[in-house]
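User: I'm new to reading protein structures and would like to know how the labels are decided. Could we go through one together?

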Amino acid sequence: MRPGCPKRMVFGPCGGVRDDERCEVAEHRCVFLDGPLPEWPGDARPEPPATTSVLLAAAAQGPVVLADLSVVPFDRGSVRRVVAELAPVADGLLAGEHAGRPDFPPALLAAEVRAAGGTPWTTLACRDRNRVVLEQELAGLAAVGVDGVLCVTGDARGPGVRAGASQVFDLDGTRLAALAADTGLTVAVPESPEAPPTELRPARVAGKQRAGAQLCVLNHGRSPARVAAFVAASRAAGATLPFVAGVAVYTDERSARVLQRFPGLHLDDVVVERVLAAPDPRAAGIAAAVAEARALLAVPGVVGVNLSGMGSAAGEDDGARVKAAVAHELRGTA
Ligand code: SF4
């Protein structure tokens, strides 16, 4: 464990390092910025004989769409409505794990998504679970038959959010990815191309692949060109896995600002202001997301896009309609 890391990471840094190199959590410089990053020990795992993942199988044939599943917490009806909107146009539905928005246990939520007709991808974070509970959740996700699990260290809970609740971080995302691969699950990992130290992050992708990752989901970058440079650098560092690139989906002030404030993410600020100033911000936001997605899908190594963000300040149902509209445009079914 690197002394001074509030998330107790071994294979850091996390994706939340601020642009000025401050720690996401504490008022000091991120402790992983000096000196070499820890490397995942051991050789790469043998390739699984054939993927059981619907998303990965589809990605081998053509571009795929992974859509964020934004739902009202602890509300099965909301899950059913959002899945009904998105499942016909998305190859996978990615449930998040946000610090200030707890929801059903991941395995239960995945079962609800599956029951509603969706293909569940589940984000599993180390923030709120010790290693034993992470093992329980991985076993539960395998039993439910999730299509894949996105293994993340997790964003830290900010001051005032559930004050007094401990933040666990027994593991970090890389070690969780290894544990998930041992469970037999299809494993994805995140990376933040534009969070410091940008020059060291491509090697992290290669290390996460050696730990067991089969897919890398990229956080938003300022431009497709920067994402392309990151993917190329990851290839040079030894990563051979496919990438899914984040597409910012917003159609109003609130849905845009939430994404802009998230640590480790970068949006094209000029495009954001243009969308918000447009006579019809909804149509402009959908068009901007479609354009960004098409540019990202042209990047070698990028096999799909992650339609990410709340999409609309008018609620989860409307956000799902916005993301579905983007997906329909991409599929040519609008
Ligand atoms: S930014 Fe993340 S990795 Fe760096 S010290 Fe803070 S919590 Fe740890």
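Analyst: Happy to! Let's begin with a pair of helices: the axes of H3 (residues 106-115) and H4 (residues 131-144) come within 8 Å and cross at roughly 15 degrees. This is a predicted model, where local features need pLDDT of at least 70 and side-chain atom pairs count only at pLDDT 80 or more, while totals for chains, interfaces and linings use all residues. Residues are numbered from 1 along each chain as its sequence is written.

User: Why is H3 called roughly parallel to H4?

Analyst: Angles under 35 degrees count as roughly parallel, over 145 as roughly antiparallel, 65 to 115 as roughly perpendicular, and the rest as oblique. The angle here is roughly 15 degrees, so H3 is roughly parallel to H4. Axes are lines fitted to C-alpha atoms, for helices over the stretch in contact, and angles run from 0 to 180 degrees between N-to-C directions.

User: Which residues make the contact of H3 with H4?

Analyst: Pro106, Ala107, Ala110, Ala111 and Arg114 of H3 do, together with Glu137, Gly140, Leu141 and Val144 of H4. Two residues are in contact if their C-beta atoms, placed from the backbone, lie within 7 Å.

User: How do the residues of that contact divide by class?

Analyst: They divide into six nonpolar, one polar and two charged. Ala, Val, Leu, Ile, Met, Phe, Trp, Tyr, Cys and Pro count as nonpolar, Asp, Glu, Lys and Arg as charged, and the others, Gly among them, as polar.

User: Which residues come nearest to the ligand?

Analyst: Of the 15 residues around the ligand, Cys5, Pro13, Cys14, Cys23 and Cys30 come nearest. A residue counts as near if its C-beta atom, placed from the backbone, lies within 6 Å of the molecule. By class, this shell has eleven nonpolar, two polar and two charged residues.

Technical notes
Helices (H or I, at least four residues) and strands (E, at least two) are DSSP runs, numbered from the N terminus.
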